[in-house]
Amino acid sequence: MRRLLLLAPLLLFTVGCGVVPSSEDEATDAAREAATHAGELLYGQRPRTAEEVGRSASGIDGVEVMRVTGTSTHDGDGIDVIVRTSGSAYNEWSDPQEVTVRRCFAVRVSPKSEWREDPRDVDCPEGPPLTFAPPPEPPQLPYEELRAKLPRVPEGGRVDEAEVRRTLAALDLDPAIRTEMKADDGRVGVLLSVKGNGFDPQDCLLARVGPGATEVWVPSRIQRMPGEGGCSVANALDPMPAPH
C-alpha cells in the first residue's frame, strides 16, 4: 500500500503528460498571441505602402520586423510581414525555471484580411531585424503668414483678385501644398491643402477676402474628414455651419 501511495504522484504526472502542454508549447502560444495582436493593430482598410506597414509594425512593443514582402496593402494579396515575437511559460511539474522562446510568424495586411486572422508559423529569416526611417513630416500650412499678408479691403471697396494671387505666390509654399482660388460676389476664397490619405482628416487652411473682412481659419476635424467637403474653396466662400 505504501508503495502505491508513493507511485501515485508519478502516475498522475505520467498520465498528465498526454494532455497538459509543455512549457515550450505554451510559450510558443504566447508568442503567437503577440503576433496576432500585432495583426490587430495593423488591420485596416486604409491603403499603405510596404514601408508604412513595416514602420508601423516595428513600433509595436515586443515585435521585431524581419521581412516585408509586397508593394502595398491594396495590390494583389497585400503585404506579408514576418514578425519575431517572444513568449514565456512555466510548468512547475516539468521545468526548473521559466521557459522563453522566440518565434517568427507571417502577418498578412490587406483589405481582404480578417479581423484577428491567425498568423502563419514561419522560419525566422537570417540577419538582424529591419529598421525604418521616420516618416517625412507633412509641410506646415502658413496660417500666421497668410493671415498677415492677405490684403485688407475697406468696407465698400473692391477686392483685387490679382493681388490675392500675387500674395499667395509670394508665400513661396512647399510644392506639396496645393492652392486654389475662386472669386464670387465680390469676394475671393482661398484654399491651401495637403493631400490626404482618404481616411484621416485632411490638413487644410481656408481664407476669405471680402470688403470689410479678411478671415483665415482651419475647418473643424469633422468637416475635414473625407467626403465632408470642408477642405474646399466653396467652403471658404460660404462656410458650412459648425457641427453640433
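Reader: Leaving aside neighbours within four places in sequence, which residues is Leu146 in contact with?
Author: This is a predicted model, where local features need pLDDT of at least 70, side-chain atom pairs count only at pLDDT 80 or more, and totals for chains, interfaces and linings use all residues. Residues are numbered from 1 along each chain as its sequence is written, and side-chain values use heavy atoms, with hydrogens and water left out. Contact means heavy atoms within 4.5 Å. Beyond its neighbours within four places in sequence, Leu146 is in contact with Leu168, Leu171, Leu192, Leu205, Ala207 and Val216.

Reader: In what order do the four strands of the open sheet stand?
Author: Two strands pair if DSSP finds at least two bridges between them. Six bridges join β6 to β7. β5 and β8 (213–217) each have a single partner strand, so they stand at the edges. The pairing is antiparallel, and the order is β5-β6-β7-β8.

Reader: Why is the pair of Tyr43 and Trp115 called edge-to-face?
Author: Rings of Phe, Tyr and Trp (its six-membered ring) pair if their centres lie within 6.5 Å; planes under 30 degrees apart count as stacked, over 60 as edge-to-face and the rest as tilted. The centres of the Tyr43 and Trp115 rings are 5.5 Å apart. The pair is edge-to-face because the planes stand at 80°.

Reader: Is Trp115 buried or exposed?
Author: Trp115 sits in the loop between β3 (99–109) and β4 (120–122), 72 residues from Tyr43. Tyr43 has 34% relative accessibility, so Tyr43 counts as partly exposed. Trp115 has a relative accessible area of 52%, so the label is exposed.

Reader: What is the relative accessible area of Thr73?
Author: Thr73 lies in the loop between β1 (64–69) and β2 (79–89). Among the residues in contact with Thr73 are Arg46, Val53 and Pro111. Thr73 counts as buried because its relative accessible area is 2%.

How values were computed: Helix = DSSP H or I, 4+ residues; strand = E, 2+ residues; numbered from the N terminus. Buried < 20%, exposed > 50% of the residue type's maximum accessible area, 1.4 Å probe, protein only.
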